[in-house]
Amino acid sequence: MAVNLVNVEQVSKVYGTRALLDGVSLGVSEGDRIGVVGRNGDGKTTLIRMLAKLEEADTGRVTHNGGLRLGVLTQHDSLDPTATIRHEVIGDLEDHEWAGSAKIRDVLTGLFGGLALPGFEHGLDTVIAPLSGGERRRIALAKLLIGEPDLIVLDEPTNHLDVEGISWLAGHLRARRSALVCVTHDRWFLDQVCTSMWDVQRGAVHEYEGGYSDYVFARAERERIAATEESKRQNLMRKELAWLRRGAPARTSKPRYRIEAANELIADVPPPRDTSELMKFANARLGKTVFDLEDVTVQAGPKTLLTHLTWQLGPGDRIGLVGVNGAGKTSLLRALAEASRSQGDVQPAEGKVVVGKTVKLAYLSQEVAELNPNLRVLEAVQQVRDRVDLGKGREMTAGQLCEQFGFVKEKQWTPVGDLSGGERRRLQILRLLMDEPNVLFLDEPTNDLDIETLTQLEDLLDGWPGSMIVISHDRFFIERTTDKVMALLGDRALRMLPRGIDEYIERRQRMEETATPASAAAASAPKAAPAETVSPQAARAAKKELQKVERQLDKMSTRETTLHAQIADNATDFAKVAELDAELRELVAERDVLEMRWLELAEDA
């Protein structure tokens, strides 16, 4: 029988006139892996701070098992700014002692990319004071994970980690024996790590078995049975469940909910996006040209990030852009945005960017745009326009769109200066969409957004007809909103990844595995003959064929989506389903061959 580690009994917490938690009773036992979700401001952080006894309850009590070893990652670290990373993370251990520990090596490599901490000028001997908040947070996380706590409590642990770091952290936590309570908006991470969920809502905490996918089903079912008045929120949950059930990548392989019940609940829910219809509309709004890049070089100051880049962003393309930090993701978007603003007059260091004449770009940067703090939320939106055309005959007023983004009627009259960071982020996205762009660049759009707001944004983007590039470390958001993933692997090239983010992580792992022995051997090996290179003519031919193959893959992807929809529509006609399934299998086999050819061409190009 599992030992109980923490008991929360009838705990209440009030701020001002608002009850964040009202008579909550919970427990954490050995082996528990609990994900905490809920809207921003509903009390998630307050709950775990009281769980860790960092904050006192107004009423009720929290008890810890005697001798409990607790590790806590809060949103504000308690590191000594005058100390070095070595002192805070490794402590007094000699080099041979910590280097001989598999756990310490794993943590340093997973969070910092190597034992020498390549991102820090003086490695382990770097002083903490001048470091950024993100760097300090990784140091605090490393310090916690090197220890041996019985219970780990994490508040937004994936913030400031890239896709690889998040993937490593999920694997590391799964392999540990410690119990875990984790607040995060990263839904992929919740699915990978957690076996139960706490949903904090209106002063209460609802408990669910399973990871995020199971939680989505259970909550949608609970709300259906209860026949709540929140029909809009219920429909969003059902829509997300439909996407999860219909073969979304990287989902849990053995869901604990009943498949039959899930299928019945989503029987009338269409696929998230009608890709063919959106492509037609996007072509009508944008024409044939959006952004055409020809032999482009992208620089950031003196540093060259991309060279000889030939690529097209076409009408209706929805691209997820991933890559190592510093590889040039944001710089690429800035170069395209600059070309768009100047209508092609401002060009990159080398090469040419052709911008379509009808392009109307909206660019969400990582920095939250400053607004007049005295403006009300609704006024800030109406500054852009009063009504917005969402396509396919859908139109919304500024007030209606505010409500869809979580700004209910009374919140619409809140001064901008009183909004939280997440609320300002929401407002920034809202103002961009109100301007009716036909091209969207979203650089880390999920920062500071809670899960409910993310599902609302995803729902809105499902019906948005235009071209889109998304940079995000939230792989769930990328998989949910885009159709194709491209990567910057740090080799000054842009590559398409037919298998998405899973392929990106595999490639990065292979690069790291080959880099370590290669660098070790370089010092002792004799000078090797220069590697065989591809001629410029062959490289150009490869690029041309590469673009042709990408167009074929796009068509196959559209046809595959259509076949899946036809199979669902003819579910009771077994002869028709068998015919469609045979065509689908043939299409998948052709696509696999084409993807292999793409990989060969990508190396030459």
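Strand 3 (33-38), helix 8 (212-226) and helix 16 (451-462) each contribute at least two residues to the lining of the largest cavity. Helices (H or I, at least four residues) and strands (E, at least two) are DSSP runs, numbered from the N terminus. The model is predicted: local features need pLDDT of at least 70, side-chain atom pairs count only at pLDDT 80 or more, and totals for chains, interfaces and linings use all residues. Residues are numbered from 1 along each chain as its sequence is written, and side-chain values use heavy atoms, without hydrogens and water.

The structure holds 6 cavities of 30 Å³ or more. A cavity is a set of points on a 1 Å grid over the protein atoms alone where a 1.4 Å probe fits but cannot get out; lining residues have an atom within 4 Å of a point. The largest cavity has a volume of about 70 Å³, the space filled by probe spheres set on the points. Its lining comprises 11 residues, with Gly-38, Tyr-215, Arg-219, Ile-451 and Glu-452 nearest the centre. Of the lining residues, 5 are nonpolar, 2 polar and 4 charged; Gly counts as polar.

An open, antiparallel sheet contains 3 strands in the order 11-10-13. Strand 11 (303-313) and strand 13 (350-355) are the edges, each with a single partner strand, so one side of each lacks a neighbour in the sheet. Neighbouring strands are turned by 30° against each other on average, direction ignored. Strand 10 (residues 291-300) and strand 13 are joined by 5 bridges; pairing requires at least two DSSP bridges. Thr-297 stands opposite Glu-350 in strand 13. Helix 12 (residues 329-341) packs on the sheet and touches strand 10, strand 11 and strand 13, contact meaning heavy atoms within 4.5 Å. Its direction makes about 120° with that of strand 10; axes are lines fitted to C-alpha atoms, for helices over the stretch in contact, and angles run from 0 to 180 degrees between N-to-C directions.

Definitions and conventions: On a 1 Å grid over the protein atoms alone, a cavity is a set of points where a 1.4 Å probe fits but cannot get out, and a pocket is an open set with protein on both sides within 12 Å along at least five of seven lines; lining residues have an atom within 4 Å of a point.
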